[in-house]
Amino acid sequence: MKDKQTQEVIIQGFNGLRNEQKSIATKTNELQQDLNEHKIVIETLEGVPGDRKCFRMVGGVLVERTVTEVVPALINNRDKMSKLIESLDKQLTEKGEEINGYMEKHNIQLKDQQGAAKKDDKGGADAKAGGVLVA
């Protein structure tokens with residue numbers, strides 16, 4: 001009974017790591033989309049006279065500004081987003097390495113990986129016992 005409980009704890013830990021990795025990837029994708037939007041707006045405003053009025057959404061409020069006031073703020077936000085995306089990419093890589101280490105430590109095999117391992121093993125009876133299978 002304890003063996004089954006420890007396997008459940010291992011699986012919960014693994015699923016938690018995978019969920020963290022998915023959330024980092026989702027946030028990275030969202031920021032990448034925002035960064036692309038910022039780049040498009042900056043490129044569009046480059047050909048516009050500086051005294052022309054434009055509108056910017058700040059904290060859910062639409063604010064009237066001039067192009068000269070808005071472009072530096074957009075460039076600043078774009079640069080900050082780029083740095084944040086780089087940081088999240090690094091975190092994503094580290095989380096992947098952590099997951100791989102966890103899988104190796106607890107002998108976790110995913111269902112599709114198990115099938116590949118059996119094909120490579122060619123029916124050998126030396127397969128490691130006691131591993132955890134995760135769907």
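Tutor: Buried means under 20% relative accessible area, exposed over 50%, and partly exposed in between (1.4 Å probe, protein chains only). This is a predicted model, in which local features need pLDDT of at least 70, side-chain atom pairs count only at pLDDT 80 or more, and totals for chains, interfaces and linings use all residues. Residues are numbered from 1 along each chain as its sequence is written, and side-chain values use heavy atoms, without hydrogens and water.

Student: Is Thr-28 buried or exposed?

Tutor: Thr-28 sits in helix H1, residues 2–46 (a DSSP run of H or I, at least four residues). Its relative accessible area is 8%, so Thr-28 is buried.

Student: Which residues is Thr-28 in contact with, leaving aside neighbours within four places in sequence?

Tutor: A polar side-chain atom of Thr-28 lies 2.8 Å from the backbone oxygen of Ile-24. Contact means heavy atoms within 4.5 Å. Beyond its neighbours within four places, Thr-28 touches Ile-85, Leu-88 and Asp-89.

Student: How far apart are the end C-alpha atoms of helix H2?

Tutor: Helix H2 covers residues 67–105, and its buried residues include Ile-85 and Leu-88. The expected span is 1.5 Å times one less than the number of residues.

Student: Is Met-57 buried or exposed?

Tutor: Met-57 belongs to strand E1, residues 53–58 (a DSSP run of E, at least two residues). Because its relative accessibility is 53%, Met-57 counts as exposed.

Technical notes. Polar contact = N/O pair within 3.5 Å; in protein donor to acceptor, adjacent residues only side chain to side chain.
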